[in-house]
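Subject: Structure handover

Hello,

Here is the structure for your files. My notes on it come after the model.

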Amino acid sequence: MPRERAAARGPATLLLVLFLLGMCASFMALKAKTDTIVRKKVPGSSIIYIPSGKFLKYATFGYSALAADLIYLWAIQYYSTPTIDDRFDHLDHVFAIIADLDPAYLDPYETGALIATAEARDIKLAFKILDNGFAKNPKEWLLPFEAGHIAMMDLKDYDLARQYFEKCMNLPGAPDFTRRLYANALYKRGDLETSWQTWLEIYNTAPDERTKKIASNHLYQVKSAIDTNRLKDAVGKFQERAGRLPEELADLVRAGILDKLPQDLDGQDYVYDPKTGGVKAATSPWKR
Amino acid sequence: MRIWAIAGITFKEAKRDRILYLLFFFAAVAILASRVLAILTVGDRVKIIKDVGLASISIFGVLMAVLIGTSLVYKEIDKKTIFTLLSKPLHRAEFILGKFFGLVLTLLVMTAGMSLIFLVIVYLHTFRIEWTMLVAIAYIFLELVLVTAVAILFSSFSTPILSSIFSLAFYLIGHLSWGLELLIKKMSAGAGRTAAQFLYMFLPDLENFNFKTEVVHNLPIPAGIYLSSFLYGVFYTAFILALAVIIFRRRDFI
C-alpha cells in the first residue's frame with residue numbers, strides 16, 4: 001500500500017505544479033489586461049486631505065523626518081507631471097506639511113519656491129515658502145538669498161531684494177557675493193549714496209584682485225550715475241534759464257550752475273549730446 | 001553566573017529563530033533601497049539615505065524586540081520546559097533577567113549588523129565615516145532595550161498575540177506623550193490636571209531616545225540630555241523588569 005501511495009503521489013504532484021503554473025500565468029495575464037483599462041483617478045487627492053503637518057508630525061511616532069522625505073519625494077514626482085493641470089492648487093499646503101514635519105530640511109523650501117516661481121508663476125507663494133523656511137531656520141543665509149534673487153530677477157522689486165540681501169549677508173557662512181548683491185540692489189533701487197559707500201567698503205576689504213576689479217567697476221557705474229544725474233539736472237536748469245540746451249558741458253560752469261565739471265572714476269570727461277541734452281559716461285563700466 | 005547561562009542559551013535560541021533573519025533581511029533591503037529612493041530627490045541625497053536608514057534600524061529593531069520577546073517566556077511555559085528550569089536552583093528573577101539579557105545581546109548583534117550596512121551606504125556617498133550617526137543608533141538601541149523589557153513583561157503573563165499588541169501599544173504611547181502635555185496645558189488646576197500630570201510623568205516618553213533628526217541635520221544636542229536620556233532608559237527598564245519579576249514570581253504554572 002505505501003508503494004502504491006508513493007506511486008500515486010508522483011502524478012498528483014505534477015498535476016499540482018501544472019495547476020500552480022497555470023494559475024500563475026492566468027493571473028499575470030489578467031493583470032496585464034486590467035492595467036489597460038483606463039480608470040479615473042484624482043491625482044494627488046490623497047495628499048490634499050492630509051491634515052496640517054503640525055498634527056501629522058505627532059502621528060508619525062518619531063518618524064517625522066522620514067515622513068517629510070517621502071512626501072517631498074512624492075511632491076517632486078507630482079509637480080513634474082505636466083498632464084496634471086491643477087497640480088499647483090495645493091502647492092502651499094504640501095510644502096507647509098513638509099516644513100512642519102522637518103523644519104530644518106532646506107531642500108523643500110528651495111524647490112517649493114522654484115516650482116512656485118518658474119511653473120506656478122505665483123511669486124507671492126515663493127516668498128511665503130522661503131519666509132516660512134527662514135522663520136524656522138533663522139541662521140540659514142541661503143533662504144533669504146533665494147528670496148532676494150527672486151525679488152531682483154523676477155519681481156524687479158529692488159527694495160525688497162535689498163531687504164533680503166541685507167538679511168542674508170550678515171548671517172554666518174554667507175559668501176562675500178551676498179554683500180555685492182546688496183550693494184547692487186541699492187544701486188538699482190536708486191539709493192546711489194549708500195550703494196557707493198557699500199561698494200567702497202567692498203573695494204577696501206576685497207580679499208582678491210577679482211573682487212577688487214568687480215567693486216571698482218561698480219564704483220565706476222555708481223559714480224557715473226551720480227555725476228550724470230547731476231549733469232542732467234544742471235542741463236535742465238540751463239535750459240530753463242537760457243531757453244535752449246547748452247552747446248557743451250563747459251557752458252554749465254560758465255553759467256555758474258556748476259562749480260566744476262565732474263569726471264568719471266578714470267578721470268575722463270562725460271560725453272554730452274547737444275542735440276538731445278543727454279549725458280553719459282565715456283565708457284561702459286564692464287569694458288574698462 | 002546563572003543569569004549569564006540563561007542569557008547564553010536564550011541568545012543561541014533566538015539566533016535560530018527565522019523571524020530574526022527575515023526581519024534583518026527586510027531591514028537590509030530597506031537600507032539598500034534608500035539609495036534608489038535618494039535618486040528621486042532634488043537636493044541632498046544623503047539626507048534621504050540617513051533618514052530611511054535610521055528609521056529602518058529603529059522600526060525593524062522594534063519588530064525584532066516585540067516578535068521575539070513576546071514569545072520568550074511564553075514558549076517555555078507552553079512547552080512545559082519551565083518546570084525543568086524552575087526545579088533547578090534557579091530563582092525566577094534570574095530566569096527573567098537571563099531571558100532579558102539574552103534577547104538584548106541578540107538585538108545588539110542585529111543592530112550592529114544593520115548599522116554596519118547603513119554606515120557603509122552612507123560612506124559610499126560621503127566618503128567619510130559619520131560618527132554622529134552612532135549617537136542616534138546608540139539611543140535607538142537603548143529604546144529597543146526598553147521595548148524588550150516590556151515584551152518580556154507581557155510575555156510573563158500573557159499570550160504572544162496579546163503581548164505583541166500591548167508591547168506595540170507601549171511603543172506608540174511612548175511616542176505620543178506630546179498629547180498629554182498639550183492636554184495638561186489646556187486643563188485648569190484640579191484633580192484632573194494632577195492625574196494627567198502624574199500620567200505624563202509615569203507613562204514612557206520614548207522621544208527621549210529619538211535623536212535621528214538632530215544627527216541628520218547636524219543640529220546641536222545639549223550635552224546634559226545624553227546622560228539624562230541614558231539614565232531614564234536604564235531606570236525605566238529596571239522598573240519594567242522588576243514588575244516582570246514580581247508578576248512572574250507569583251505566577252502559578254499548573
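This is a predicted model: local features need pLDDT of at least 70, side-chain atom pairs count only at pLDDT 80 or more; totals for chains, interfaces and linings use all residues.

Residues are numbered from 1 along each chain as its sequence is written, and chains are lettered from A and ligands numbered from 1 in the order in which they are written.

Chain B has 11 helices and zero strands (DSSP runs, numbered from the N terminus: H or I of at least four residues for helices, E of at least two for strands). Of its 254 residues, 40% are buried (20 or more other C-beta atoms within 10 Å of the residue's own, with C-beta atoms placed from the backbone).

The contact between the chains takes 16 residues from chain A and 23 from chain B (two residues are in contact if their C-beta atoms, placed from the backbone, lie within 7 Å). On the chain B side, α3(B) gives the largest share, five residues.

In chain A, helix α6 (residues 107-119) packs on helix α8 (residues 142-155) at about 15°, with the axes 10 Å apart (axes are lines fitted to C-alpha atoms over the stretch in contact, and angles run from 0 to 180 degrees between N-to-C directions). The two helices are therefore roughly parallel (angles under 35 degrees). Contact residues include A:Tyr109 and A:Ala113 of α6(A) and A:Leu143 and A:Ile150 of α8(A).

Regards

Key
Angles under 35 degrees count as roughly parallel, over 145 as roughly antiparallel, 65 to 115 as roughly perpendicular and the rest as oblique. A residue is buried if 20 or more other C-beta atoms lie within 10 Å of its own, exposed if 12 or fewer, and partly exposed in between; C-beta atoms are placed from the backbone.
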